[in-house]
Amino acid sequence: MRSVLSATLMVTALGLVVSGPSAQAQMTPPSTAGTKPKPVTTEPIRPAVQKPEDTAKALSQAERLALQSDLAWVGQYNGAITGDVSERMVNAIKEFQKSRGGKPTGVLNPQERGVLAEIAKKKQESVGWKVATDPGTGARLGIPTKLVPQQASDANGTKWSSPNGTIQVQLARRKEAGPTTAKLAEREKKEPGRNVDYTVVKPDFFVLSGLQGLKKFYIRGTFRGDEVRILTIMYDQATENTVEPVVIAMSSAFNAFPAAAQTAGPPPRKTVEYGTGLVVSDDGAIIADRQITDGCIAIAIAGFGNADRIAEDKAHDLALLRIYGARGLKALDLAKPAAKTALDLTGIADPQVQGGGSAVTGAKASVAQLGGSSDIALTPTPAIGFSGAPAQDGDGKFAGVALLKPVQVAGPATDAPAAQAVLVTADTLRGFLKANDVNATGGSTDAKASVVRVICVRK
């Protein structure tokens, strides 16, 4: 009897289920026999919370490069712009979120990403940021042309400076037997009056920063064979808040010995290029992307025939096209202003993306705010071919036109994203049409009926 009881207690303690009539008699008290057992409740299995680093890694290399570049421009990120995910990058995102009064999650939602891109764009425009090739050396570098508009070149390199000399940028070149980055760094440290407080020496480059007299300096140098190239940035401490974000961008953009493909200038335009056109009047007026319709020997509107480009707005990259004698055109209602920042784009993707198709499709996007005359960052970037697509809010009210624009990030040129999206606002578009005597009143809210495929044919 003792052995049976011991076995029963052991089975109960282990939570094992014993089958068979005799086992059930031993395990079930007479008072509860025949009743249904109570269901066993367990805690739900919760999915693991994704870390900000994991979310960042899910982005493409191009998206991470653009993100780091934008964070650097707003003064939150001071690391190398490589597209690599790091704790510094996540902390920069958190600091940006806190600066905007948001929760520091380390992951940007679409609205926050749009705000960041817009602020960074304005910072770049304010200093005249331009990534160019130095004609004397072939080096690739970013220059804040509004800060250092004066340029002079000689056999030893090129110098850019502000009118009063408070900011100076110099790209120097020289020949040196058997150079190493360690030797180059030591030589630069010994320049008279130079007090170095930061040093990085890698096999392929070195970086120094500190004070030289009353000016701050930043140096990045490298070599190939016996050719040495050194970028030096010097600026008054009073200009620190303006210049330091630019210094990070310049350092990451600097490519002393770019590959031939990077120094050859922009790639040639496509022989045939596609975009979306928006019908704005029933008598044949169409809004399109100026860049897509630039340099064309013929512009065609699929299903309607050839079109003439009769006006352009270079500041906002808008083109006004007109086709004559066409029937069945339906203009979009541009009069009702959108009130919501979540937008629906209606466009026609590049036929290579669609596998040769020509269907009108939609895409979701958002902006940080609406209105005004300045272009607004639009996220995410839609498919190729959507440049020129109208944007409406959920109520069918017109917000503007989406354009895809090439971008330059302060990072490796080979990894730079091909385009970013901006929204040319409804106010800008209506002003452009009014200036060109296009009556865009009335119309439908059905964007699918108001978009056409624009085809540019070049030589």
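1. A residue counts as buried here when its relative accessible area is under 20%. With that in hand, Trp-73 is buried, and Trp-129 is buried as well. Please keep in mind as you read on that this is a predicted model.

2. Searching the whole structure turns up one aromatic pair. Its members are Trp-73 and Trp-129, arranged edge-to-face, with 5.0 Å from centre to centre and 75 degrees between the planes. The pair ties together distant parts of the chain, since Trp-73 belongs to helix α4 (residues 61–73) and Trp-129 to strand β1 (residues 129–133), 56 residues apart.

3. Now for the overall picture. The chain holds ten helices and 21 strands. Of its 459 residues, 45% are buried. Among contacts with a separation of 6 or more, 57% come from residues 24 or more positions apart.

4. Six strands close it in the order β10-β11-β14-β13-β12-β21, with antiparallel pairing. On average, neighbouring strands of this sheet are turned by 40 degrees against each other, direction ignored. Helix α10 (residues 426–435) packs on the sheet and touches β10 (272–281), β11, β13 (305–313) and β14. The direction of α10 makes about 45 degrees with that of β14.

5. Strand β11 (residues 285–289) runs antiparallel to β14 (residues 318–322), and five bridges join them. Across this pairing, Ala-288 faces Ala-319 of β14. Five bridges also connect β13 with β14, again in the antiparallel sense, and here Asp-313 has Leu-318 in β14 as its bridge partner. Strand β12 (residues 298–301) pairs with β13 over three bridges, antiparallel too, with Ile-301 opposite Gly-305 in β13.

6. Both hairpins here have a turn residue worth checking on your screen. Between β12 and β13 lie three residues, and Gly-303 in that turn has a positive phi of about 90 degrees. The hairpin of β13 and β14 has four residues between its strands, and its turn includes Asp-317, with a positive phi of about 55 degrees.

7. Two arginines are placed over aromatic rings. Arg-194 lies over the face of Phe-217, 5.0 Å from the ring centre. Arg-220 has its charged end over the ring of Phe-205, at 4.2 Å from the centre.

8. Is Ala-172 buried or partly exposed? Its relative accessible area is 27%, so Ala-172 is partly exposed. Gly-157 is 15 residues away from Ala-172 in sequence, yet their C-alpha atoms are 4.6 Å apart in space. Beyond its neighbours within four places in sequence, Ala-172 is in contact with Asn-156, Val-228, Arg-229 and Ile-230.

Definitions and conventions
Residues are numbered from 1 along each chain as its sequence is written. This is a predicted model: local features need pLDDT of at least 70, side-chain atom pairs count only at pLDDT 80 or more; totals for chains, interfaces and linings use all residues. Side-chain values use heavy atoms; hydrogens and water are left out. Two strands pair if DSSP finds at least two bridges between them. Helices (H or I, at least four residues) and strands (E, at least two) are DSSP runs, numbered from the N terminus. Axes are lines fitted to C-alpha atoms, for helices over the stretch in contact, and angles run from 0 to 180 degrees between N-to-C directions. Contact means heavy atoms within 4.5 Å. Rings of Phe, Tyr and Trp (its six-membered ring) pair if their centres lie within 6.5 Å; planes under 30 degrees apart count as stacked, over 60 as edge-to-face and the rest as tilted. Buried means under 20% relative accessible area, exposed over 50%, partly exposed in between (1.4 Å probe, protein chains only). A charge sits over a ring if NZ of Lys or CZ of Arg is within 6 Å of the ring centre and within 35 degrees of the ring normal.
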